[in-house]
Amino acid sequence: MTVGTAGAAANRPSPLFDRVALIGLGLIGSSMAWAMRRDGVAREIVGHARSAETRTAAMRLGFLDAAYETAADAARGADIVVLCVPVGAMGAVAAEIAPSLSPGAIVTDVGSTKGAVIEAVAPHLPDGAAFVPAHPLAGTEHSGPESGFAELFDNRWCIVTPAPGAPGRAVAKVRELWERCGAQVDVMDPARHDLVLAVTSHTPHLIAYTMVGVADDMRRVTKSEVIKYSAAGFRDFTRIAASDPTMWRDVFLSNREATLEILGRFTEELFALQRAIRTGDGQHLFDYFTRTRAIRRGILDAGQDTAKSDFGRGRGAEPPAPGPSPVSVPADPEAASPALAPGAPPGASPASAPGAARGSAGGR
Ligand SMILES: NC(=O)C1=CN([C@@H]2O[C@H](COP(=O)(O)OP(=O)(O)OC[C@H]3O[C@@H](n4cnc5c(N)ncnc54)[C@H](O)[C@@H]3O)[C@@H](O)[C@H]2O)C=CC1
Ligand SMILES: O=C(O)C(=O)Cc1ccc(O)cc1
């Protein structure tokens, strides 16, 4: 990937698109714009946000060439339209842009769930449009146009779930778009995506929301002690539980079946651990925690996080600590199921690309 320095300008890869339209200019929309600018992916990046304040912010920050009052106006003449709105809003936005899509335009999205988004969007699109849904597995607990940064997707996965009949040419373009935004791309069936994400993202978020809710109830009993003495585990939960309520409400409502399936399994395991604690079964607890430790090891080995306890986003994506991780466990091949511990992207390097269009928004 070419870095945006003056000397390197001659080496820049040519634009992949003439005009990209981003519908929704929050964390993901603005990060995509920065990442596309960094790599010269588009000749023109335009967008739409409902609020004038967001449109003004996008232009002031400089990640858009033009901001439109309506999604339909933004989509007109675009060769690719990227839906970056909460998953519950995707269907309405698709209906709005459909009449102004150019023949042969690609429509893609960044939604955290795929089955429900495909169901909501596909029926609205004209025959000539190619629908190639995608989901970058990268984000933060922040939202809005100010929260985006070019390195967000560096060395992260992006899962593409092409709709049946999507032309290979369009799938290849969406793949290249994400690769040029820094991600590694995998293609997956939408139902599989939704189950995997229920395990790796959706249910963990629900657990974090619940734990912070419990602590909040406790706080009423213990006054400020929960905040004052909050250890890292709880602090990590509060970061996740600070995520956008609209986005996460939509995620759970649209990935209902898979989330309930995983929550059912979670509850069973919780009861087993509860029983072990009650009956003093230390061996059960020890064996369980040994198995889970190996999963962390697998994630570090895959370059998907650093050994630091800041979710690897202290200053962009930092490399993992050299040498053996402080967490030293014997490898347990059974523990690292494909759904829980995806393998490292080919040639994955955890280092972030320097020289982004905008400085690293460390920690965001
Ligand atoms: N936040 C994260 O960590 C990640 C989010 N995603 C997905 O990306 C999508 C966008 O999320 P973020 O950028 O984080 O959210 P955000 O809250 O930062 O931005 C969403 C934008 O969509 C706009 N919007 C909402 N409803 C709309 C509608 N009906 N019409 C037009 N615009 C509308 C909002 O005003 C806002 O500008 C969601 O589908 C989410 O599931 C995917 C990966 C990571
Ligand atoms: O900030 C975090 O911990 C995340 O988990 C980010 C995230 C949120 C939603 C997604 O669909 C993908 C990634």
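This passage describes the fold, the two ligand sites and selected residues of a predicted model.

Because the model is predicted, local features require a pLDDT of at least 70 and side-chain atom pairs a pLDDT of 80 or more, whereas totals for chains, interfaces and linings use all residues. Residues are numbered from 1 along each chain as its sequence is written, chains are lettered from A and ligands numbered from 1 in the order in which they are written, and side-chain values use heavy atoms, with hydrogens and water left out.

The protein chain contains 12 helices and nine strands, where helices (H or I, at least four residues) and strands (E, at least two) are DSSP runs numbered from the N terminus. Of its 364 residues, 46% are buried; buried denotes under 20% relative accessible area, exposed over 50%, and partly exposed the range in between (1.4 Å probe, protein chains only). The accessible surface amounts to about 17500 Å², and carbon and sulfur atoms contribute 57% of it. Such areas come from the Shrake-Rupley method with a 1.4 Å probe, and for residues only the protein chains shown count as cover. Among contacts (heavy atoms within 4.5 Å) with a separation of 6 or more, 77% are between residues 24 or more positions apart.

On its own, ligand 1 has 830 Å² of accessible area, 86% of which the protein covers.

Ligand 2 has 10 surrounding residues, the closest being Ser-112, His-135, Thr-140, His-205 and Arg-239. An N or O atom in the side chain of Ser-112 is 2.7 Å from an oxygen atom of ligand 2. For His-135, the distance from a polar side-chain atom to an oxygen atom of the ligand is 2.6 Å, and for Arg-239 the corresponding value is 2.7 Å. The protein covers 85% of the 340 Å² of accessible area that ligand 2 has on its own. Three nonpolar, five polar and two charged residues form this shell. Arg-239 is also one of the buried residues of helix α9 (residues 232–241), together with Phe-234, Ile-240 and Ala-241. The buried residues of α9 pack against α7 (190–222) and α8 (225–228).

Individual positions were then examined. Ala-134 belongs to strand β7 (residues 134–136) and is buried, with a relative accessible area of 0%. Beyond neighbours within four places in sequence, the contacts of Ala-134 include Asp-109, Lys-114, Cys-158 and Trp-178. Ala-134 and Thr-56 are 78 residues apart in sequence, with a C-alpha to C-alpha distance of 27 Å. Arg-19 lies in strand β1 (residues 17–23) and is buried at 11% relative accessible area. The side chain of Arg-19 forms a polar contact of 3.4 Å with that of Glu-44. Asn-155, in the loop between β7 and β8 (157–160), has a positive phi of about 60° although it is not a glycine; Asn-155 is buried, at 8% relative accessibility.

With a disulfide defined as a pair of cysteine sulfur atoms within 2.5 Å, the count is zero. For Cys-84, the nearest cysteine sulfur is that of Cys-181, 10 Å away, and Cys-84 is buried with a relative accessible area of 11%. Cys-181 is likewise in no disulfide, the nearest cysteine sulfur being that of Cys-158 at 8.8 Å; Cys-181 counts as buried at 0% relative accessibility.

Methods: Near = heavy atom within 4 Å. Polar contact = N/O pair within 3.5 Å; in protein donor to acceptor, adjacent residues only side chain to side chain. Nonpolar A, V, L, I, M, F, W, Y, C, P; charged D, E, K, R; others polar.
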